[in-house]
Amino acid sequence: MDLWGREDPEDRMQEAAEKKAAAEAAHFASHDELAAAIHTCAACHLRQEGNLGPVLSSGPVPSPLMFVGEGPGGVEDDYGAPLVGPSGQLLDKALASVGITRDRVYVTNVVKCRPRGNRTPDIAEGRFCADKWLREEIRLVQPKAIVALGKAALRYFLGHEAGIVRSRGHWFEWEGIPVMPTYHPAYLLRQYGRDLVKSKWDVYYDLKEAKERAAAAAPDWVWQSETPPNLMEEFAAVRAARHRK
Ligand code: SF4
């Protein structure tokens, strides 16, 4: 929309393309069926960028709170699980600080295949994979709130470029679901000194708000397991299967 209230034809075209992609996205009866379909996906050039294949999700289905990162890194590609490397360990600590164990929330990525050299997927790559798979994950997981971890997730849900530093901590809605953008743990790993302390507090408050919002909509949800499963052990089985292929 311009200053005089006229609609931008490019905006209209993009909106129409997104609606078409959403309408064309396959619907699956269960998360298991969806996961099986994602496993064999080679629908875009990211699959040819030297990775071991699509990396799926972790966590329960349904789940009131969903975390969406940008894409698998080296450790995630090795294990076939999202956010399990140094970034994932930091995420687990951040979750613990707000009273959540990792096994009680759903974690996934905008793109499922690791881009070569761990580069950030561009907006078109993110949109293509997410329209194909993430939309359907969200439909099946039915989150009451989504945490967008970092720029790639933020811009997918916003539908345009935006900076994470300015956007973090501010709720917006994506198709009726509240979205809280915050820093990706990999960003925190690059901070030092005061910047690191401030960033960690920012993430703490963002996660606390997100949990409170999801908990208000799902008051019976149990956020902490008394004896959390050893997820790395579970992921090790996925890893072994991945390397046998
Ligand atoms: S990045 Fe997404 S769309 Fe592309 S091949 Fe991997 S799973 Fe398929």
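A residue counts as buried if 20 or more other C-beta atoms lie within 10 Å of its own, as exposed if 12 or fewer do, and as partly exposed in between. Keep that scale in mind for this tour. The model on screen is predicted.

**The whole chain**

Start with everything shown. The protein chain has 10 helices and five strands. Its 245 residues include 36% that count as buried. Look next at how the chain meets itself. Take the contacts between residues at least 6 apart in sequence: 75% of them join residues at least 24 apart.

**Stop 1: the ligand**

Select the ligand and its surroundings. Which residues are closest? They are C41, C44, R47, C113 and C129, out of 14 residues that surround the ligand. Colour the shell by class. Nonpolar residues number 11, charged residues three, and there are no polar ones. Now colour by helix. Helix α5, residues 123-141, gives the most to this shell, with three residues.

**Stop 2: α2 against α5**

The axes of α2 and α5 come within 10 Å and cross at roughly 165°. An angle over 145 degrees counts as roughly antiparallel. The two helices, α2 and α5, are therefore roughly antiparallel to each other. Their crossing is left-handed.

Show the side chains where they touch. From α2, pick H31, L34 and I38; from α5, pick W133, E136, E137 and L140. By class, this contact of α2 with α5 has four nonpolar residues, one polar and two charged. An α-helix has 3.6 residues a turn, so residues three or four places apart point the same way.

**Stop 3: I38**

Centre the view on I38, in helix α2. Is I38 buried or exposed? I38 is buried, because 23 other C-beta atoms lie within 10 Å, and the cut-off is 20 or more. Leaving aside neighbours within four places in sequence, I38 is in contact with P54, L56, K112 and W133. Draw a distance from I38 to L56. These two are 18 residues apart along the chain, yet their C-alpha atoms are separated by 7.5 Å.

**Stop 4: helix α6**

Move to helix α6, residues 151-158. Seven of its eight residues are buried, so α6 is largely enclosed by the rest of the structure. Select the buried ones: K151, A152, A153, L154, R155, Y156 and F157. What do they pack against? Show strands β1 (65-69), β3 (145-149), β4 (172-174) and β5 (177-182), then helices α5 and α7 (164-167). The buried residues of α6 pack against each of these elements. G159 follows α6, and its phi is positive, near 90°.

**Stop 5: α4 against α9**

Hide the rest and show helix α4, residues 86-97, with helix α9, residues 193-217. Their axes are 9 Å apart, and the helices pack at an angle of about 60°. That makes α4 oblique to α9. The crossing of α4 with α9 is right-handed. On α4, select A94, L95 and S97; on α9, select V203, Y204 and L207. The residues of this contact are five nonpolar and one polar, with no charged residue.

**Stop 6: the backbone in the loops**

Switch to a backbone view for the last stop. Most residues other than glycine have a negative phi, and most peptide bonds are trans.

- Go to P62, in the loop between α2 and β1.
- Go to N118, in the loop between β2 (106-109) and α5. N118 counts as partly exposed because it has 14 C-beta neighbours inside 10 Å.
- Finish at E175, in the loop between β4 and β5. E175 counts as exposed because it has 10 C-beta neighbours inside 10 Å.

Definitions and conventions
Residues numbered from 1 in each chain as written. Predicted model: local features only at pLDDT ≥ 70, side-chain atom pairs only at ≥ 80, totals over all residues. Near = placed C-beta within 6 Å. Helix = DSSP H or I, 4+ residues; strand = E, 2+ residues; numbered from the N terminus. Nonpolar A, V, L, I, M, F, W, Y, C, P; charged D, E, K, R; others polar. Axes fitted to C-alpha atoms, helices over the stretch in contact; angles between N-to-C directions. Parallel < 35°, antiparallel > 145°, perpendicular 65-115°, else oblique. Left-handed = near helix turned anticlockwise from the far one by under 90°. Contact = placed C-beta atoms within 7 Å.
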